[in-house]
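Good morning. Please look at the structure on the screen while I go through a few parts of it.

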Amino acid sequence: MRDKSDGLVAEPPQAAYGPAAAALLSAVREHFAGIGDDFVDAFYRGLALDEQPARILGSLDAQSLGALKLRQAAHLQFLVAPDTERETLLQRAEAIGRAHALVGVGGSMLMRSQALYRGLIAALGARVGIDAERRYRLSRIVEQRLQDDIQGQAEAAERVMADYWRSLSRPYANPGTPWADASGEELEVLGTLPGIRAALLLRLNQDGVLTVERSAGPHAREIAEVMLSPTTSVVIDPATPRGQGLVALAWRSRQAQSTPNYRGDARLRFWAEQAERLRVQSTFALPVLDETGHVAACVYLYGAWPSQFEAPWMREFGRGLQRRWEQIWQRCRAPSLYALPQELADAYRQCLFAGGLAMYLQPVIDLRSGEVHSVEALARLVMPEGSVIPPGQFLPQLGNTELDRLFRLGLAQVLDWLVAQPARFDRLGVSINLAPSTLLHPDCTAWVAEALRRRDLAPNRLHIELLETQELHSEAQRHSIEQLARLGVRLSMDDLGSGYSSLDRLSRLPFDVIKIDQGLLATIRTHPMRVISLVGSLIQMAHDLQRAAVVEGLEDTDAVEAVSLLGATLGQGFGLCRPMPMGQASAWLREFRPAPPAPRVATGLGALAYHWRYVRALHAPPSHTDLATCPLTDFLRVAAPRDEQVAGWHAQLHRGEDVDQASRRISDWLVRSITHA
């Protein structure tokens, strides 16, 4: 059949397959058998002249290069085999195209191979001696098959690259999302990308070992086992073989590291046996920098192909992936300081929701009367062998859904405990922490209301605490807070002074109680003036805003006296009572007898607190004491009976003579006595 121009009608792609094509190809099959080696030799000689292909081939050892040439020759024979079907050819082209995209084989290399095929087929036709019509039909069959192969590879390569770029364009996690949720979701996406055998997230543990915190991908579990083993785990010390790998180098250099051939890289010789067993050919280590420029984590990708992470487009992808993870780190709620091995984190989660949650209770004491004002519920995890895990170790491993579940389980436990207490404690309140992410759940308020209704408890006996360090970013969260307030639940801002949004929250949200962060009192003996001033100012702010103030972290009687004299009405800490299991807390309550504070100043910290507050009152006369009745007079008589100088400064202060100088000298004397005690 001929067309209007050159005589032959264009044939459909299917004409290159089927019985007619198979018959013609069968007739020349023995002649095709001899051209494979000629093609491979010519093809690879040409590739060696091009920089990009030469780089890829140069990363292969002799064994790998030989295997590649054999596969190339076999593919040529497959293309011209009589029984090759189009669907099968396209499937194989898909697989080859994916691999070519990953190792950096571009369109120019594909076109070069197609041109070589054409030349070989033309030479073959002349050598076989078939007539012109059959020679033309043969060339059209082979040409169509080549076209299908090249086009299939090119389309597959485009899809591979699109998958990678699409992974970078996904929406970021919302600010304040738990690190466990965000990092897990990101790794799952990386683990599904073409050619990725595993994607690992590593952070340092307390021993300086780069620990697998999370992993994803078809071989993630096996690879993570190698990285978690005490004998093959990675350290950042360059003096040991375990510190020579790419992750350790990326951590130390703060720059991305890759290897085109795992087996031939001397830096990775320590893990070469495991890599060969798991069919890992290449790796890519990306350091994740925090806002200060220090390495916070490393993302480590394991590739199924040599040179998988060396192509220019893949290097650009790596830079984009690094920037993405750095943004996620800064947007997420901070994880624990040190990494927890993935297996241990999984064990914690499994235990937590299999009955391992235990709520401990710590009393909050009224500092004026010595009575118990309320109790705070603190989550603990009791492992099967009996060990008790503090919240700082297991809470950072929980995602939003798990935090929701934790809140509901903990709420049920503490309310059941409250109902079981004797009638004389019918005004006792209990507080429990609520993650800001749980506020986003549309049923949050309904959970609380239903839990109270089932137990017939007045809502004001439940205090819900929100951490000041955890951001409230959405109107939905603020709406939930307002709903809880309307329900009658008392709301506390926890850890005031440890974050940056305090004033904004206090001015706009209906908090009843402010809890002053225990961390502020950690340095009260080394920097007493600084701590007294800050805590005293926060207590005064709470009074001005008509909020109750609870000072946390009261570790001894000196600190209790100091904050009481600063005006605090409620206190909590080991100096008053330690957290207890629920049964022990019930017994403690039954035996507890209130101990009102002593009416005099008895400690150096108490004296400094009283003096700090007195001096501020002097600037808003009239003064509230005279020298004879001032509590500081009795304290100095006992603490410094022969120090006439400090007594003189004190008398000068009460006479109103050079108040600032006298006040500063007394403060300095008290600070020295506290820090040198």
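What you see is a predicted model. The protein chain has 27 helices and 15 strands. Of its 677 residues, 51% count as buried. If we take the contacts in the chain with a separation of 6 or more, 70% of them are between residues 24 or more positions apart.

In what order do the strands of the open sheet of six lie? The order is 3-2-1-6-5-4, and the pairing is antiparallel. Strand 3, residues 234-235, and strand 4 are the edge strands, because each pairs on one side only. Helix 10, residues 220-228, packs on this sheet. That helix touches strand 1, strand 2, strand 3 and strand 6, and its direction makes about 170 degrees with that of strand 2. Further into the order, strand 1, residues 196-204, and strand 6, residues 295-303, run antiparallel and are joined by six bridges. To find one of the paired positions, look at Leu200, whose bridge partner in strand 6 is Tyr300.

Strand 4 covers residues 257-259 and contains Ser258. Is Ser258 buried or exposed? Its relative accessibility is 13%, and buried means under 20%, so Ser258 counts as buried. Its side chain makes a polar contact of 2.6 Å with the side chain of Arg315. Beyond its neighbours within four places in sequence, Ser258 is in contact with several residues, among them Leu246, Thr283, Phe309 and Arg315.

Next, the nonpolar cores. As background, nonpolar side chains tend to be buried together in soluble globular proteins. Here the largest nonpolar core has 53 residues. Which of them touch the most other members? They are Val414, Leu415, Trp417, Val448, Leu462 and Ile464. Helix 16, residues 400-419, gives the most to this core, with eight residues. For a look at the surroundings of one member, take Ile464: leaving aside neighbours within four places in sequence, its contacts include Phe407, Ile432, Val448, Leu484 and Leu491. There is also a second, separate core of 41 residues, which includes Ile516, Leu538, Leu608 and Val646.

Two of those names lead to the next elements. Ile516 belongs to strand 13, residues 513-516. Another general point first: in a regular strand the side chains alternate between the two faces of the sheet. In strand 13, Val513 and Lys515 point one way, Ile514 and Ile516 point the other way, and all are buried. Strand 13 pairs with strand 14, residues 548-551, in the parallel sense over four bridges. Ile516 has Val551 as its bridge partner in strand 14.

Leu538 takes us to helix 21, where it is one of the buried residues, along with others including Val531, Ile532, Val535 and Ala542. After the helix comes Gln546, with a positive phi, near 60 degrees.

Another parallel pair is strand 8, residues 372-382, with strand 10, joined by three bridges. Ser374 stands opposite Gly429 in strand 10. Strand 10, residues 429-433, is mostly covered, with four of its five residues buried.

Ser374 is also among the contacts of Gln362, together with Glu376, Phe574, Cys577 and others. Gln362 lies in strand 7, residues 357-366. At 7% relative accessibility, under the 20% limit, Gln362 counts as buried.

Aside from neighbours within four places in sequence, Ile389 is in contact with Tyr348, Arg380, Leu381, Met383 and Phe394. Ile389 and Leu357 are 32 residues apart in sequence, and their C-alpha atoms are 9.8 Å apart in space.

That is the end of the tour.

Note on methods. Residues numbered from 1 in each chain as written. Predicted model: local features only at pLDDT ≥ 70, side-chain atom pairs only at ≥ 80, totals over all residues. Heavy atoms only, no water. Helix = DSSP H or I, 4+ residues; strand = E, 2+ residues; numbered from the N terminus. Buried < 20%, exposed > 50% of the residue type's maximum accessible area, 1.4 Å probe, protein only. Polar contact = N/O pair within 3.5 Å; in protein donor to acceptor, adjacent residues only side chain to side chain. Contact = heavy atoms within 4.5 Å. Pairing = 2+ DSSP bridges. Axes fitted to C-alpha atoms, helices over the stretch in contact; angles between N-to-C directions. Core = buried A, V, L, I, M, F, W, Y, C linked by side-chain atoms within 4.5 Å.
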